[in-house]
Amino acid sequence: MICTLSMASRYIREFLASEAFKNAGREVSDVVPRLVKFLCCLQVTKTHLFTVTLSYGPSMLPTLGLAGNLCLAERISTRFEKLGVGDIVLVQSPEVPWKFMTKRLKAMEGQSVTYFVDPKNSDKSETIVVPKGHVWIEGDNIYESNDSRKFGPVPYGLLQGRVFWRIWPPKDFGSLAQNKGKDSVS
């Protein structure tokens, strides 16, 4: 047993003294700072410039598919308040804070919007003026969307970005700008 331990100890000392170990150490010390810089740049890009989002479910049919669309959202428009009615936006849910939704911006603060209260069961509509610091969002599929018609105007601070490019599925790859919805704003 003692012989085995001394042999193992000798092999470890020889390995640590070898050129291969020293070169590996140099390579790691070169790679780690580059990796850290890359990860920092990736985080800054995701937080302040662009993010990738997965949109699924029926609320944005026919613009976005039911099975899931991988989309690119830019965060600059929300920071500089350059969003407009008709833009598709990434919104933090006012009901479930860790959930993000993709909806269409229907009205900005001070604008009035007319909407169907319960489009599945009646034609009753209401008109509301969007309060200061808020926006009105709706899904393109009014029959299957959890949006401002349910929880009211959304604080502007919950807007996370403007969805502008579909990445997946490949057959639909391209800009979402041409898909601006009908305006219900007066």
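Colleague: Where does Thr51 sit?
Modeller: Thr51 is placed in strand β1. Keep in mind as we go that this is a predicted model.

Colleague: Thanks. Is Thr51 buried or exposed?
Modeller: Thr51 has a relative accessible area of 7%, so it counts as buried.

Colleague: And which residues does Thr51 touch?
Modeller: Leaving aside residues up to four places away in sequence, Thr51 touches Lys46, Cys71, Leu72, Ala73, Arg75 and Leu90.

Colleague: Let me step back a bit. How many helices and strands does the chain come to?
Modeller: There are four helices and 10 strands. Starting at the N terminus, the order of elements is α-α-β-β-α-β-β-β-β-β-α-β-β-β.

Colleague: What share of the residues is buried?
Modeller: Of the 186 residues in the chain, 32% are buried. As for contacts with a separation of 6 or more, 54% of them are between residues 24 or more positions apart.

Colleague: Okay, strands next. Which way do β2 and β9 pair?
Modeller: Strand β2, residues 69–74, pairs with strand β9, residues 159–168, in the antiparallel sense, and five bridges hold that pairing. Within it, Leu70 stands opposite Trp168 of β9.

Colleague: How many bridges join β3 to β9?
Modeller: Four bridges do, and these two strands run antiparallel. Strand β3 covers residues 88–92, and its Ile88 has Val163 in β9 as bridge partner.

Colleague: What about β9 and β10, how do they pair?
Modeller: That pairing is antiparallel as well, over two bridges, with β10 made up of residues 174–175. Arg166 has Gly174 in β10 as its bridge partner. A hairpin through five residues connects β9 to β10.

Colleague: Switching to rings: how many aromatic pairs turn up in the whole structure?
Modeller: Three aromatic pairs are found. In one of them, Phe50 and Phe164 have ring centres 6.1 Å apart and planes at 50 degrees, so that pair is tilted.

Colleague: Which parts does the Phe50 and Phe164 pair tie together?
Modeller: Phe50 belongs to strand β1, residues 50–55, and Phe164 to strand β9, so the pair links parts that are 114 residues apart in sequence. Phe50 itself is partly exposed, because its relative accessibility is 35%.

Colleague: Are Tyr115 and Trp136 buried or exposed?
Modeller: Both Tyr115 and Trp136 are buried.

Colleague: On to the core, then. Which residues in the largest nonpolar core touch the most other members?
Modeller: The core has 13 residues, and the ones touching the most other members are Val89, Val91, Leu105, Val135, Ile137, Val154 and Leu159. Elements that give two or more residues to this core are β3, β4 (100–107) and β7.

Colleague: Which residues does Val91 touch?
Modeller: Not counting residues up to four places away in sequence, Val91 touches Lys99, Phe100, Met101, Ile137, Val154, Leu158 and Leu159. There is also a second, separate core of eight residues, and Cys71, Ala73, Ile88 and Leu176 are among them.

Colleague: I also noticed Gly133. Where is it found?
Modeller: Gly133 is in the loop between β6 (125–129) and β7. It counts as partly exposed because its relative accessibility is 31%.

Colleague: What does Gly133 touch?
Modeller: Setting aside residues up to four places away in sequence, Gly133 touches Glu109, Val154, Pro155 and Tyr156. Gly133 and Val154 are 21 residues apart along the chain, and their C-alpha atoms are separated by 8.5 Å.

Colleague: Which elements give two or more residues to the lining of the largest pocket?
Modeller: Those are β1 and β4. The most comes from β4, which gives four residues to the lining.

Note on methods:
Residues numbered from 1 in each chain as written. Predicted model: local features only at pLDDT ≥ 70, side-chain atom pairs only at ≥ 80, totals over all residues. Heavy atoms only, no water. Pairing = 2+ DSSP bridges. Phe/Tyr/Trp six-rings, centres within 6.5 Å; stacked < 30°, edge-to-face > 60°. Buried < 20%, exposed > 50% of the residue type's maximum accessible area, 1.4 Å probe, protein only. Core = buried A, V, L, I, M, F, W, Y, C linked by side-chain atoms within 4.5 Å. Contact = heavy atoms within 4.5 Å.
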